[in-house]
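Please look over the structure below before reading on. The briefing that follows takes up a few backbone and strand features in turn.

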Amino acid sequence: MTTPQNSTIKNSVTLEAIGRIADESERIIEALKSAPVDESEDRQSSTGKTYTITEVGRMVGKTAVGIRKAEKQGKLIPPPTKENGRRAPYTLAQVNAMRDYWECRPGRKEGDEPIRFSFQNFKGGVGKTTLVCHCAQYLAQAGYRVLLLDCDSQGSSTITFGYHPDADIEGDDTLLPYLRGEQTSLDYAIRSTHWDGLDLIPANLDLYSAEYFLASMGQSGEGDWISLLEQGVSTVEDAYDIVLFDPPPALGMISLSVLRALDGLIVPTPPAMYDFHSTSSFFRMLEEVMETVGEHLGAPVELDFVKILTSKHISGRQAHEFVRGLMAESYGNNVLLSPFVQSAEIDNASSEWKTVYDLDGPTSSRQTYKRCLESLDSVFAEVRELIDAVWQARSSERKLSLSPKTSSARSTKDVAEA
C-alpha cells in the first residue's frame, strides 16, 4: 500500500490539533478542580452537614427535651451559641456522640466482620461513582463507620470529598505503594473527610500504573496478585463497619482485584435497551471472571448478595418504565425495588463536586429536591437492609456452628453418608 505524499503534513496538523485540545482540556479541568478551594467553604476542614435539634431527635430516637436534659446534666456537649444568641446546629460528630451515649449507633456487633461491597458495571455513564459517594454519606449519616476506597485513577470520588487528584494527592497517597509491596498496611493512605465516621483512600492518575504492575505479576506468576487488594483491606477494616469500593468503569486488573475483595455487588443499569443489553453481557462476563478467579484461588468465589439497581430513571417516561418492567420480569428479586431517579439536583450538586447530601437546600425547586432525597434515601435504605441481613445470616451461622446439637447432628449425618 502506498502512502500519500501529504500524509506527514496531515498527521502533523492532526496531532497539533489534538495536542491543543488536550492542553485546553487540562486547563479547564484544573480550573474546575480549583473552584471548591476558592470558595469560603473548605471541605477538608469543614465539619460537614449540620442538623436541627428536631432532625437530631429523629436520628437518635429521642425528643428535643431529652437531648437538652442530657446536655444540662453534662452528659452531652451542646452546640455553641452564635452571636445572635441562638444555638448553632448540630454536627454529625455531635449526633454520633449522642448515639454512643445512648448506645443506639448501628453497625456490626462483636464477632461480625465488616461488609465490603461496590456499585459496579463494566460500562461508563451508569451512575457508579454518584451512587458510591451518596451511599457512603447516607451510611455515615446513619451512624455506620465507613471506609471508601477510590480505585479509579480518574479520582472522581476523591474530588467529591474535597481532595484534588494530582494537586493534593501523590501516587504514594493511593493504593499504589501497597500493591507494589512498598507498604505492609493501608493505614498510610487513609484520610478523613468532612463527614464524621467516613474515611477515604484517595486516587489519582498514578494509580493507573497498577494495572501494568498487576498484569506483570500475573504473567510472571509472582505471588497472588489478585488477592493483594483484599489483603490490604484486611489490614485496616477492623476500624469500620462497611468498606465501599469505587472501581474503574472497565474490566481490568484493578477491577478484578475489587471483585476478589467483595462480599456484595450492586449493578447500576439505566433503563434503556442498550444498557439492558450491556448489563446482560456484564453478567455473562462476571460469571466467567468469577469462575476464572475461583480456579486461580482453588476455591469457588461466592458473594453474599448481587442486586441490580435501575439507575438514571426518569419517572413517567414510557420507555424507561417499559425497560424497568422488563428488568423486573427478567431478574425478579435480584432487582432493588427503588429506582435511582435522575434529578437536576444531582447534576447541579456534581457541577460543584458535591453530592445532594452535601447541599444545604434545593438548587432548583424545593419539590425536585425533596423527590431526589426521597429517591436516594429509598435506594440506600434497601442497601442498608441488605447489609443488616448479611450480618444476621452470619450471626445465625456462627450460632449453628457453635451449637452442640447441630455439631452432633452434622457428625451423625456425615457418618451415615459415609
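Glu103 is exposed, with a relative accessible area of 73%, where exposed means over 50%, buried under 20% and partly exposed in between, using a 1.4 Å probe and protein chains only. The model is a predicted one, in which local features need pLDDT of at least 70, side-chain atom pairs count only at pLDDT 80 or more, and totals for chains, interfaces and linings use all residues. Residues are numbered from 1 along each chain as its sequence is written, and side-chain values use heavy atoms, with hydrogens and water left out.

**Positive phi angles**

- Most residues other than glycine have a negative phi.
- Glu103, although not a glycine, has a positive phi of about 55 degrees, and it sits in the loop between helix H4 (92–102) and E3; helices (H or I, at least four residues) and strands (E, at least two) are DSSP runs, numbered from the N terminus.
- Trp353, also not a glycine, has a positive phi of about 60 degrees and lies in the loop between helix H13 (344–350) and helix H14 (366–402).
- Trp353 is partly exposed, with a relative accessible area of 22%.

**Partners of E3**

- E3 runs parallel to strand E7 (residues 242–246), to which four bridges join it, and Ile115 stands opposite Ile242 in E7.
- E3 also pairs in the parallel sense with strand E8 (residues 264–269) over three bridges, pairing being assigned if DSSP finds at least two bridges between two strands.
- Ser118 has Leu265 as its bridge partner in E8.
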